[in-house]
Amino acid sequence: MRTTASIISILSIAGVALAHDESKKTPAQVEAYRRQQESIYHCAPQIIKYNAERKAALQQVLGHAHPTDASTMFVGEALNLEQGETTALACKQTDDFVAKIKNNTCVLSPETTQGPYYHDRGHPIRQRMAELQLGLPFLMDIGVIDVKTCKPLENVLVDIWHANTTGHYAGHPDQAPELKWEGPAQSGKRKGLLSKYPRTEPEETWLRAAWPTNKNGVAQFSSIFPGYYTGRATHVHVKIHTKWEPHTNGTFTSGHMVHTGQFFVPDDINEVVDKIHPYTENPIKNLWGRTRNWADSLQIYQDSHENGYGPVFDLEFLGGVIQQGLLGSITVGVDLTNDFDPSEAWTP
């Protein structure tokens, strides 16, 4: 298996939130956005140590502890730097080192990537999110750092959701009757997509979960590898909340949201997973087929890779063969000054 390099998803949009269509922004806004992307490089030494410690600790967890127990992640001084290591990369590090960091970093535009299947009420606070859904075991290790201090963020809520093996989201099992024979859009921004499936099963919560980060800025989840649906590359949605109110039924409502994004997986892994049951039963397999990362209909995957950025899970086998499951690791950098509306309607 070819694993990807460690991935860092950085959101550093302080006062400017740039949409995918840069033509609608002034040159000054675009330039400010680009400067803020570059500014995260001062975190690179900390990020290198952060990822190295997480990977070492994960190997221990997989061998000796419950896979979703993050209580022993990291040694206490893992993120302390030697004197002088906080120098900005542009001034200190080699070109090769800068390229390695830049090629594994992304900036997403929060207000454009939520998707149509987010529920701003009813996401359970839990780590085990599969419920009775069948599929390839998939553990997610998500780290969150403050891009201004380069330090892990404790007690921020990582809120994720994704499709099942046949490309459906909990609560949205079927197309609207009047759209039963609808095909993918043939043009426009929605090219390749079907209309949103209505929410007809409001009690369903499978493959939806939220969990607070521990003292090391880590939240872990056990799930199944996500399936695909018409027009979209395989992905996992994420929101980061710094304030939330828990409810007695085990769910929450958000009080302050700083990030919305999507994580992806390498296409070569998608191709292998497609051959594993029940992914083989995807209803569009022989109709329209899988959408590859590079052909993502909403351009989210493509846009996130502009100038070498990309939010792709770093994958590891859980056992000797892929059928035993995968572990995906990723780090999200957030700007705590952001404040987005988690209930805002999404329009493609």
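Student: What does F225 touch, not counting residues up to four places away in sequence?

Tutor: F225 touches L136, F138, T234, V265, I269, N270, V273, Y279 and L326, where a contact means heavy atoms within 4.5 Å. Please keep in mind that this is a predicted model, in which local features need pLDDT of at least 70, side-chain atom pairs count only at pLDDT 80 or more, and totals for chains, interfaces and linings use all residues. Residues are numbered from 1 along each chain as its sequence is written, and side-chain values use heavy atoms, with hydrogens and water left out.

Student: What makes F225 part of a cluster?

Tutor: Ring pairs link F225 with F138, F263, Y279 and F313. Rings of Phe, Tyr and Trp (its six-membered ring) pair if their centres lie within 6.5 Å; planes under 30 degrees apart count as stacked, over 60 as edge-to-face and the rest as tilted. A search of the whole structure finds 6 aromatic pairs.

Student: Why is the pair of F138 and F313 called edge-to-face?

Tutor: The ring centres of F138 and F313 are 5.5 Å apart and their planes stand at 85 degrees, so the pair is edge-to-face. This pair links distant parts of the chain, since F138 is in strand β3 and F313 is in the loop between α6 and β9, 175 residues apart. Helices (H or I, at least four residues) and strands (E, at least two) are DSSP runs, numbered from the N terminus.

Student: Why is the pair of F263 and F313 also edge-to-face?

Tutor: For F263 and F313 the centres are 5.3 Å apart and the planes are at 75 degrees, so this pair is edge-to-face. It joins F263 in strand β8 to F313 in the loop between α6 and β9, 50 residues apart.

Student: How do you know whether F263 and F313 are buried or exposed?

Tutor: Buried means under 20% relative accessible area, exposed over 50%, and partly exposed in between (1.4 Å probe, protein chains only). F263 has a relative accessible area of 1%, so F263 is buried, and F313, at 0%, therefore counts as buried as well.

Student: Which residues have the most contacts inside the largest nonpolar core?

Tutor: They are M140, I142, V158, I160, F221, F225 and F313, in a core of 36 residues. A nonpolar core is a set of buried Ala, Val, Leu, Ile, Met, Phe, Trp, Tyr and Cys residues joined through side-chain atoms within 4.5 Å. Apart from this core lies another, of 8 residues, among them Y117, W161, Y169 and Y229.
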